[in-house]
Structures are given as C-alpha cells and as structure tokens.
Amino acid sequence: MEQQELETLEGTVEDIIFENTDNGYMVFEVSGGGALTVVCGVVGELHVGESVVCRGRYENHAAYGRQFHAQECETDMPKDMEAVYAFLASGSLPYIGASTANKIIQKFGASALDIIANDPGQLTTIRGITADKADRIQQEFKRMFGMRELIAYLAQFEISPRRAMEVFRVFGPGAAQAIAANPYLLCGEPLQLDFRHADSIAQYYQMEGDCVQRLEAALLRTLRHNANNGHTCVPRVQLLETASAFIHQPREKLEIALDHCLEDGILRQRKYAGGDYIYLPDLLDAEETIAHRLALLMKKSPEKPRGLEKSIQVLELAQGFAYAPEQKEAIRKAMTENCLVLTGGPGTGKTTTVNAILQLLEQQAERVALCAPTGRAAKRLGELTGRKASTIHRLLEVDYSGGVLQFIHNEKNLLRYDVVILDEMSMVDVKLFQSLLAALRYSCRIILVGDSDQLPSVGPGNILGEVIKSGRIPTVCLNRIFRQAEQSLIVKNAHNVVGGRPLQKGGREDDFFFLEADGDACRRLVCELVTTRLPRSYGFDPIRDIQVLCPTKLGPCGTQALNVELQQLLNPPEKSKPQLQSAARVFRVGDKVMQVRNNYEIVWHRDGGEQGVGAYNGDIGIVESINLRDRSMVVRMDDRRLVYPAENLGELEIAYAITVHKSQGSEFPAVILPAAQVPVRLCYRNLFYTGITRAKRLCIVTGRRDTVNAMMANIRQNRRYSGLCELLTDELPPEQGALPQS
Ligand SMILES: Nc1ncnc2c1ncn2[C@@H]1O[C@H](COP(=O)(O)OP(=O)(O)OP(=O)(O)O)[C@@H](O)[C@H]1O
C-alpha cells in the first residue's frame, strides 16, 4: 500500500553533496524534468552521470528547504555521451580525471563504459594508461556495478541497500554466488541477518527446510543467541531442543548436523559433571586460556616479602585505625599469593584494603596497573586511590585499524607490570579477560576485586562467580560493614537485600526511601522527584546528579516512557534549540545521552588538547551542539568532547532513565529506582541490588511493595552456563590449589 503512495523522481546524478561509505547514506543532486532536486537517503553507492529512478517523498527540511527523501533508488549506467563523460570525469574510477575522461570519450564515445567493462586492453591506446592501470580501472568498475547488482538482487528479499553493502564488504564480488549456495551465511558472523531473510532466499532456490546449511545455521544461531545472554556454552540437550523448536525440524536431524559441526571444528564439546556442553570455539578457547593462566599462577611459588606484619602496623598507625582481620588477611595474601580475589558488598572496606595493598606494593617498587572494565569505574578507582587507573581497553590499547577489535598489547607485546589490580571484576567478560591475561607477563600477579552479588557481565561468562565457586584461587570475602558506612541506609539495605532481610524504611534524615505508587502514578512520581522535589530539597541538579534506573525498558515505568516524559520536562523543544530526529529518538542540545555499544573509532578531544578514540557501552554525556547540515552532534562526556556523525547517532540513546543493566560499574549522587511493573524475568535480587548500590548520596525506590518483595525474594540468579569453574578444578587438583575461603 505504502509503495503506491511513493512519488517517483527520474534523472541524472549531477553532484554528490554528502556520502557515507559505511552505511550508504547519500545526499545528491538530480537533474530531471527541467529541475535540479536535492535527494537524500540510503541508496548504496552512486556516481555523477548515472541515471537514477528514485521513489520516495518530497519533504520540507527546516534548514535546507524542499528535498526528496528516497526510499528506493534504481540506477543504471550513464547512458548518453554527456552522462558518460560526467561519470568518468567525476574521479570515480582510478587514474581517470577530467582530461583523461575527455580523451576516452573522444576515442570511444558513448561505448566507453562497455570497453572498460569488457575490453579494458583498448584503454592502453590512451596516453598514460598502462595495461596494469587498465586492469585496475576495470576491477573498480566491476566492483562498483557488482555492488549495485547485489543491492538489486538482495532487494527482492527485502534486504536494505545498507545491509546489502555490508554483505558486499564481507563476501566481495562473489557475494551473490556464495549466498545462492548457502543463504544462511547471511545469519552468521559478522552480518547476523534475520533468519527469515535467509529462509526466503533458500525458498527461492528451492532448498529444503532440513538442508544441512539450515540445520547448522540454526545450531550456530542458538549458541550465539545464548552467548548474547551471557552463556559461554549450552547443554547439548538444551541446544538441540531449542534449535529444533526454532526451525521446526526434528531433533534427530539436528543431532546429525551437530555431530558434523563437532567433527569439522565449527563447534566444540566439553564434558562436565552435569553432562555434555557445546561451545562456540572462541568461547571455549577463552575459558580454557583463563583457567590455564590462573592455574599457572597458582603453581608458581608464592612471594615471601619480609617485614610484612610490621609494614601493616605502620600503615595502621598512619591511618589512625586498625584493619579488620579479613582486611589484614587480604593484604597479606595480596603481598604473597600470585592471584587473589577480594570480594565484598558496599562499605565493607574493599577500597581501603586496595589502598593499603597499593602502598605496600609501591614500597617494594612493584610496577602496578590499576584498571576496571568501564570508563566510569576506572575514573572512580582513580579518584578513590589517588592514582592513575584506566579501562582495560585503554591499558591494552585498542587497534581497530583492520575493522576488528585487536589490542596493541598482546602475547607478542607484553605489558611491563608486576601486579595488575582489576576492579569491578563482576563486569568483565571472558573474551576481555582472555585478552588482558594474554598481554601480561607470566610472572605478573593478579588481584581481582569485585562484588559477586552484582549483576554479571554483559558479555559471556561469569568469571568472578566461577572463580570463587571453584575454591581454587585464594579468596577473601569482606563481610563487616564499617561504622561510617553503617550510618548509611543505602549500605545497610544493600546488605539486607543480599541477606534476604526486609528493607529498613527511611526517615527524614536517611539516604534511602521507599515511596509507594503504581503504573502511571509511579511514572508521574518519578518525574516529580527528578524535576522538582529532589532539586528543591537536596539541591541536586536534575540532569547531572539524578539518575533514574529502571529494571525494564517497557511499560509505564520503563526507560522508554520515562525518557519521553523527562525529556519533555527537563529539556523541552524551543525555537532556538536545535534538534535532530534519528530513528524514533529526538536529540536536543542539552539532552543527557548514553552510548549503547562499543565504538572503537569515534574521535574525542579532551579539554587541554589530548586526542583519542573510543566510546564505550554505558558512557554518558550531554549533547553540546548539533549541526543540522550534516546531521552531526557534539557530545560532552566528562572532560571529553566527541563528534558523532549522522551514521553514529544510532549508537546513542536518551539517558534521563537507563536500565539497571546499563548502569553497572557507575555511581550517581542520587538514584531513583521505579519498581512497579517489572516483567517476571527481570524480577530478581541481583538486579535490585545492583540498582540500589549505584546510589552514592540518596536512593529512592518507588513502586509496589509486592514487586520489591518479589525482586528481593528471587535469588534465582539468572543462571549462566559456563565451564570455568570445572576447567579450573581440572587444572588445579585439590592438593595444588584448594584453599579455604575466609
Ligand atoms: N578497618 C577499618 N576501620 C574503620 N573504618 C574502616 C576500616 N576499613 C574501612 N573503613 C571505612 O569504611 C568505609 C567504607 O570503606 P571502603 O570505601 O573501603 O569500602 P568499599 O567496600 O570500597 O565500599 P564501596 O564498595 O561502597 O566503595 C570508609 O569510610 C572507610 O574509611
């Protein structure tokens, strides 16, 4: 229906105004019907001189006037001589500029493009074009039109030009043949297209629903889907059942396909106590490497620093208080063992202990690296220890030049540290930890600090939980809440949550409150707290200091509804305030935004001139300016300024309200946690605990008492399949590694 309403614009491309080669978004001028029209849209690749038929709609742009928004764009080779000349002179082909284009046209006329495509040898008759150059010209010409053909081919299966360009980049000129032979390649890495696209291509080629390509793809897709939910492996039985239900094929057929995949090494299997588990090879590799490296550290003889007790006493004198017995034990172990896990809830003295360890290590002139998985956690670690702390990515130095994530520091270029202290360990996934271990010298000692009651990492694995569970790595768990911390109801209630005790209600002077409300009333209450009550009573800045943390995105108290309302209240549209629409979001100058995936290439400038690259999932900032012409935005994140070009806007979300999952590793002066209508799958204790422990000075839980009680009662930690505990116990039989936990 929609299709019939589209208008058509036909003509020749006169000029390319803006081009994004990554996603195919272009702004260009088309002459046709006696007029010159500015056209924009995701059209793939275009060149001056080409004939185009665009379908879309005319729109009036606030700044640029009337434009044509193309939803579809068919192109053809330049037809008449003038268009062929314009195309050749546009510089789209290598070695051909305006004057060579002129010579080619004089010699071959309108058939110049046929010659380039089919008989490039003839080009050598033009001065300056050697046989090699003629070949390169032909290759580039074929690439250009190959991409064009692929866009048209995939469009029949409702695959957008933007996706088609990605397909072309991955499979090159042979893309169409490769896809015809196995349409399910599209569902694999790195494209991960929806299965229904591959199914419709397979149907077109009359492939059966139980063809081997489809069965294997279903197994891989199920494992990848589980990896995205944090599992490093899946029980064999469960994998077969899920994949069978997903593609409606009998389990036996999937079993045969699975055995093929195992034989070919596409998948791997490990036997643990509970049965057989299937892995994607890279995730098993990561868990095996981690277990092996930690085991090697445990097999190395421990350090024997002299005068340790004396040094601890000196520190106590300087501090003016005595360390608790578990803190002392952690300090001793940190100075002697090659690997230590230090864990505990808020206010139990982890940072105080880390500071003591740092001082002792520095006295021994050990080279110590302090790091954490997120920028915010690293910043906090730096502030609390008064030392330089960086993200793991920064420590390893990202190299994204090849378009895939690599690190400059790796097994061939080791980091020169004697000890690494890694904070917020609960957030580290297996791949990142594997990369970190690879870049450390074998003798480098490791101290892992974290709170195992927090939500586990976003990426696959549950390293902290599994390492503690194995009992093979020295672990000190700090349980005691210190007096200062005890005065805080946030801290007390955090421990109540973990201990399964009821929440303590807050009084006027407290830093924790529960306010009862449901549905829309709860949403209105949250908005009122953010916009008026908390700024008035506590002097909080509603945008900078207060963070709404929602268990869910949906519903009246989810991030989506709250962001719409809070944006309207805190940063309403104004005539003088530039704003940009990107997908369903509107960004305005002054909005709070969050980066929602890792981008290793985006450039930032720090105040004071330093420049670098990278914005990471969970980084929060404020929109500082908007350029309407090229649809770019400048976002300030702490002391850094990042320029987001149009194609990167999809990586940003409005962030007055964010999910608890996204808040891991961050702290905020004031947190409001609406717990009214929480879907059952998100109704669990770790999530509630992680949310309230993000608050530094004030935490307000709003919502329904029964929802809060249900969240607190549900200790079913979202189970994560991982073999790390078993791999560690295999590597370290009890006599080598087992240590009683304190
Ligand atoms: N042995 C001790 N005696 C007295 N006070 C202590 C002791 N250890 C820590 N504290 C105090 O307890 C409070 C909490 O300690 P610390 O910040 O180290 O805990 P934490 O576990 O890092 O907390 P969080 O995870 O919330 O940051 C601090 O005010 C600290 O000075």
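Leaving aside its neighbours within four places in sequence, with which residues is Phe 433 in contact? In this predicted model, those residues are Ile 290, Leu 422, Met 425, Val 428, Leu 448 and Ile 463.

**Nonpolar cores**

- The largest nonpolar core comprises 72 residues, of which Leu 219 and Phe 433 touch the most other members.
- Helix α12, spanning residues 281-299, supplies the largest share of this core, with 9 residues.
- Another core, of 41 residues, lies apart from the largest one; Cys 550, Ala 615, Tyr 644 and Ala 670 are among its members.

**Salt bridges**

- Side chains of opposite charge can pair when their charged atoms come close.
- In the whole structure, a search finds 40 salt bridges.
- Lys 271 and Asp 276 form a salt bridge in which the closest N and O atoms are 2.9 Å apart. Lys 271 counts as exposed, at 63% relative accessibility, whereas Asp 276 is partly exposed, at 25%.
- A salt bridge also joins the side chains of Asp 520 and Arg 523, at 2.8 Å from N to O. Both residues belong to helix α22 (residues 519-538) and are 3 residues apart, about one turn of the helix.
- Asp 520 is partly exposed, with 41% relative accessibility, while Arg 523 counts as buried because its relative accessible area of 16% is under 20%.
- Arg 606 pairs with Glu 610 through their side chains in a salt bridge of 2.8 Å, N to O; Glu 610 is partly exposed, at 35% relative accessible area.
- A network of salt bridges links Arg 268, Arg 270, Glu 288 and Asp 730.

Notes: Residues are numbered from 1 along each chain as its sequence is written. This is a predicted model: local features need pLDDT of at least 70, side-chain atom pairs count only at pLDDT 80 or more; totals for chains, interfaces and linings use all residues. Side-chain values use heavy atoms; hydrogens and water are left out. A nonpolar core is a set of buried Ala, Val, Leu, Ile, Met, Phe, Trp, Tyr and Cys residues joined through side-chain atoms within 4.5 Å. Buried means under 20% relative accessible area, exposed over 50%, partly exposed in between (1.4 Å probe, protein chains only). Helices (H or I, at least four residues) and strands (E, at least two) are DSSP runs, numbered from the N terminus. Contact means heavy atoms within 4.5 Å. A salt bridge is a side-chain nitrogen of Lys or Arg within 4 Å of a carboxyl oxygen of Asp or Glu.
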